[in-house]
Amino acid sequence: MKASLREALAYMAPGVQRCMYCGDSLGADIDHFDPLSRSPLRTFDWLNHLLACSVCNSHQKRDRFPVDDRGSPLLVDPTSEDPFDHLLLSLSVGEYRALTPKGTATIEVFGLNRALLVRGREQARRVVVASLRGWERARARDNEPDMEECVLTIREQPFADVCHAMLRQADVPRAEIVFGRDSDVLPTLRDPRLRACLAR
């Protein structure tokens, strides 16, 4: 049963079986979002199982599960919440900023701004930007295979959150300032055809 559970979770993970918390390392652990020490009745609750890397699960989170004054969880639950309602990815530095108390707790518990993750997000941004420019060049030549290759490169890399943040932030007022030297990719990020391909 554990193998089939891991297989189902791996299918739903961002990128190629990536950790559902940090989006970087291979998700090899099955984490009980709400720890069994706190909620033993959720042992077999499907929505309480998440694919996680050992760093996020065993070294960062462990049994930590902060709650507010009413006992409601302060960690973002990726099965029922949009993390971007609580977290803002600063594309220029690869770090998360908290938008809510849940965002603050999630960054702290999972160490989302640890140096390796920040560096990885910076690299992911460079890969996404290069792929977007490649997609635009291929689109201008009506070269479908090259366009698909660029989309695949974006979708299969670690840190899928970088591309999602870029898509969201492309629509904000003064997006040119947010994107800085990479603002030339804004028309591509806003292209409905590209968005449809990335959503598949």
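These legends walk through a predicted protein model, starting with the whole chain and then moving to single spots. Residues are numbered from 1 along each chain as its sequence is written. Because the model is predicted, local features need pLDDT of at least 70 and side-chain atom pairs count only at pLDDT 80 or more, while totals for chains, interfaces and linings use all residues; side-chain values use heavy atoms, leaving out hydrogens and water.

**View 1**
Look for nine helices and four strands (helices are DSSP runs of H or I with at least four residues, strands are runs of E with at least two, and both are numbered from the N terminus). Starting at the N terminus, their order is α-β-β-α-β-β-α-α-α-α-α-α-α. The C-alpha atoms fill a box of roughly 55 × 35 × 25 Å along the principal axes. Of the 200 residues, 44% are buried (buried means under 20% relative accessible area, exposed over 50%, and partly exposed in between, using a 1.4 Å probe and protein chains only).

**View 1. Helix 4, from end to end.**
Helix 4 covers residues 115-140, and its 26 residues should span 38 Å at 1.5 Å a residue (the expected span is 1.5 Å times one less than the number of residues). The end C-alpha atoms of helix 4 are 38 Å apart, which agrees. Just after helix 4 comes Asp142, with a positive phi of about 55 degrees.

Find Ala165 in helix 6, residues 160-169. Is Ala165 buried or exposed? Ala165 counts as buried because its relative accessibility is 1%. Setting aside neighbours within four places in sequence, Ala165 is in contact with Phe84, Leu89 and Leu91 (contact means heavy atoms within 4.5 Å). Ala140 lies 25 residues from Ala165 in sequence and 25 Å from it in space, C-alpha to C-alpha.

**View 2. Arg62, in a loop.**
Arg62 sits in the loop between helix 2 (54-61) and strand 3 (87-90). Phi of Arg62 is near 50 degrees, a positive value in a residue other than glycine. With 44% relative accessibility, Arg62 counts as partly exposed.

**View 3. Arg174, in another loop.**
Here you can see Arg174 in the loop between helix 6 and helix 7 (175-179). Arg174 also has a positive phi, near 60 degrees, and is a residue other than glycine. The relative accessible area of Arg174 is 62%, so this residue is exposed.
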